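Please keep the sequence and the structure in view while reading.

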Amino acid sequence: MTEDNPTAPAPVAEPAFDRDRLLGWMAEQGVAQTTHDHPAVFRVEEGLELKAAMPGAHTKNLFLKDKKGKLWLISARQDTVVDLKRAPKTIGSDRLSFGNEHLLYETLGVRPGSVTALGLINDPDQRVTFILDKALWDADIVNFHPLTNTATTAMTQDQFRKALAAMGRAPVTVVDFSDLR
């Protein structure tokens, strides 16, 4: 709430990490990566041509809230079908819906279109439960937005796991979404 508008959400502080601070942190942690700049991409379907030129598994990332208010981030290979009606039983949530923009920025420090597992760096209190698609977990190279949808950061699986561990997000809950069809 604000004084001017009692129903508006309170202003949110700037996130601790933006793209440049994230990439600097990754360098400090010894996480090897390659970041490619490109025009803004808001949906998986929009970036298919760009992604074709970049090796590895590309991602879709779903920021969700369950009926009880618990927050979830599901990162999956872009071609994985995530059935939100069946997922709750598998991941241990209540009924899922998409989280709002305010909550997304407050917890992961990103805007819609830039949702990424790398946003977990802005969630030191671990308010967001992270779920990773098995197809992505098994990929040799993974590609995520570096907190902005105008770039893609590629890492080997080992480097991605190293980054997650440095963020305090290891071990990771891995789900085989192909079993939920």
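Two strands are said to pair if DSSP finds at least two bridges between them. Helices (H or I, at least four residues) and strands (E, at least two) are DSSP runs, numbered from the N terminus. The model is predicted: local features need pLDDT of at least 70, side-chain atom pairs count only at pLDDT 80 or more, and totals for chains, interfaces and linings use all residues. Residues are numbered from 1 along each chain as its sequence is written, and side-chain values use heavy atoms, with hydrogens and water left out.

Strand 2 covers residues 57–66 and contains Lys60.

| Partner of strand 2 | Bridges | Direction | A bridge pair |
|---|---|---|---|
| Strand 3 | 7 bridges | antiparallel | Leu62 with Ile74 |
| Strand 4 | 3 bridges | antiparallel | Leu64 with Phe98 |

Strand 2 and strand 3 form a hairpin with 4 residues between the strands, where Gly69 takes a positive phi near 95 degrees. Ile74 also has its C-alpha atom 8.2 Å from that of Lys60, although the two residues are 14 apart along the chain. A polar atom of the Lys60 side chain lies 2.3 Å from the backbone oxygen of Thr80.

Is strand 2 largely enclosed or largely open? Of its 10 residues, 8 are buried, so strand 2 is largely enclosed by the rest of the structure. Here, buried means under 20% relative accessible area, with a 1.4 Å probe and protein chains only.

**The nonpolar cores**

In soluble globular proteins, nonpolar side chains tend to be buried together. A nonpolar core is a set of buried Ala, Val, Leu, Ile, Met, Phe, Trp, Tyr and Cys residues joined through side-chain atoms within 4.5 Å. The largest such core has 33 residues, and Trp25 and Phe63 are among those with the most contacts inside it. Elements that each supply at least two residues of this core include strand 2, strand 3 (71–77), strand 6 (141–144) and helix 1 (19–28). Helix 1 gives the largest share, 4 residues.

Leaving aside residues up to four places away in sequence, Trp25 touches Phe17, Ile121, Ala163, Ala166 and Met167; contact means heavy atoms within 4.5 Å. A second, separate core has 12 residues, including Leu62, Leu64, Trp72 and Phe177.

Notes. Polar contact = N/O pair within 3.5 Å; in protein donor to acceptor, adjacent residues only side chain to side chain. Buried < 20%, exposed > 50% of the residue type's maximum accessible area, 1.4 Å probe, protein only.
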